[in-house]
Every structure is written in structure tokens, then in C-alpha cells.
Amino acid sequence: TGVFNAEPFEGNRSWAGARPELRAVGYDSKGIAAHLGLLRRFIKVGAVDLLVAELGLYGVRPDLEGLGIAHSIRVMSPVLQELGVPFGFGTVRHALRNHLERFGRHGLATIVPGVRVRSTHPQVHLDLPPTRVEDVLVVVMPIARP
């Protein structure tokens, strides 16, 4: 899906240590059509630890782009409910804002701008702190709670 999207995975690095609890892989007559990974984790919102299903590794074959992330999330919805998580959570770069706004207009997600997300660096660097702060778009999907 392009050089920018490949950068985080160079050098054998991958999202969440490449160990999602669940992988949804969609196939069609041409092969793999789409992929979505899920990992339950706690995130800190203010002073509260909140269980979420972090969604990541989303990808779709280039000839199918624009046909709707909403369908992928709808297919995953029963599984998310079985996992007992109140929310789906993800972060994306600002360039994907229009794409996610189309997805969110059906009530499937809310984009929360202006949130600084602190996470660990994918690699240990002695000259850098172990965490980083990013200005990304936070996407929240209601699963068991509004």
C-alpha cells in the first residue's frame, strides 16, 4: 500500500509485536482481499485504565480500496462483542481523516482529534526515552457501551 505504510514494519517490526489475538482475513477469487488485526489491551484515559479492542494491521488490496472499511468492522462486530470489550480503538495518521469521517457518519465510529497519544518506541534507543508522544487521530468504536 505504499512506502509510507511499509515504514513501521521494516526490519521485522510489526504492529503489537505481530501477535494480534484475532486476525480477520478476507478472500475473493483473486486471493487475499483485506486484513484486520485485533488485540485486547488497557489504555489509560485520564486516570482510568480502560479495556479496549485495539484494531490495527488494516489493509485492503489496492483494487478494492474505497469499497468500505465499514463492512470489515461490521463483520468483526460479533467477535468484538464476544470478547467483552466496551470499545474498539485505533489511531491513524491525519491523511486518513476523510476516509474515517465517511466511515463514522453511519455511527460506527467517532474521530477524536487533538489527543496526544503516548506509546512505547518500537525499538530501544539509548539516546531516546522509552516512550513517544504522537499527534494522531484517535478512532473510537462503540461495542458494548456508547
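Modeller: The count here is 5 salt bridges, a salt bridge being a side-chain nitrogen of Lys or Arg within 4 Å of a carboxyl oxygen of Asp or Glu. This is a predicted model, in which local features need pLDDT of at least 70 and side-chain atom pairs count only at pLDDT 80 or more, while totals for chains, interfaces and linings use all residues. Residues are numbered from 1 along each chain as its sequence is written, and side-chain values use heavy atoms, with hydrogens and water left out.

Biologist: Which salt bridge does Arg61 form, and which parts does the pair tie together?

Modeller: Arg61 meets Asp28 through their side chains, at 2.8 Å from N to O. Arg61 lies in the loop between β3 and α2 (69-82) and Asp28 in strand β1 (residues 22-28), so the pair ties together parts that are 33 residues apart in sequence. The element names follow DSSP runs numbered from the N terminus: helices are H or I with at least four residues, strands are E with at least two.

Biologist: Is Arg61 buried or exposed?

Modeller: For such words one reads the relative accessible area: buried means under 20%, exposed over 50%, and partly exposed in between, with a 1.4 Å probe and protein chains only. Arg61 counts as buried because its relative accessibility is 18%. Asp28, at 33%, is partly exposed.

Biologist: What does the side chain of Lys30 meet in a salt bridge?

Modeller: The partner of Lys30 is Asp63, at 3.4 Å from N to O. Lys30 lies in the loop between β1 and β2 and Asp63 in the loop between β3 and α2, so this pair also ties together parts that are 33 residues apart in sequence. Lys30 counts as exposed because its relative accessibility is 63%, whereas Asp63 is partly exposed at 44%.

Biologist: Where does Glu54 lie, and with which residue does Glu54 form a salt bridge?

Modeller: Glu54 forms a salt bridge with Arg41, the closest N and O atoms being 2.4 Å apart. Glu54 lies in strand β3 and Arg41 in strand β2, so the pair ties together parts that are 13 residues apart in sequence. Glu54 is buried, with a relative accessible area of 13%, and Arg41 counts as partly exposed at 31%.

Biologist: Now for the nonpolar side. Which residues touch the most other members of the largest nonpolar core?

Modeller: In soluble globular proteins, nonpolar side chains tend to be buried together. A nonpolar core is a set of buried Ala, Val, Leu, Ile, Met, Phe, Trp, Tyr and Cys residues joined through side-chain atoms within 4.5 Å. The largest one here has 14 residues, of which Leu55, Leu80 and Met141 touch the most other members. Two or more residues each come from β2, β3, α3 (97-104) and β6. The most, 3 residues, come from β6.

Biologist: Which residues does Leu80 touch?

Modeller: Contact means heavy atoms within 4.5 Å. Leaving out residues up to four places away in sequence, Leu80 touches Leu38, Ala53, Leu55, Val85 and Ile143. Apart from this core lies another, of 8 residues, including Phe87, Phe89, Val117 and Val136.

Biologist: Which residues form a nonpolar patch on the surface?

Modeller: A patch is made of residues with over 30% relative accessible area and no salt bridge; like charges are joined within 9 Å, and nonpolar side chains (Val, Leu, Ile, Met, Phe, Trp, Tyr) within 5 Å. Here Val25, Tyr27 and Ile32 form one, with about 310 Å² of accessible area together. Areas come from the Shrake-Rupley method with a 1.4 Å probe, and for residues only the protein chains shown count as cover. Ile32 belongs to strand β2 (residues 31-45).

Biologist: How many helices and strands does the chain have?

Modeller: There are 3 helices and 6 strands, in the order α-β-β-β-α-β-α-β-β from the N terminus on. Of the 146 residues, 29% count as buried. The accessible surface of the chain comes to about 9500 Å², with 57% of that belonging to carbon and sulfur atoms.
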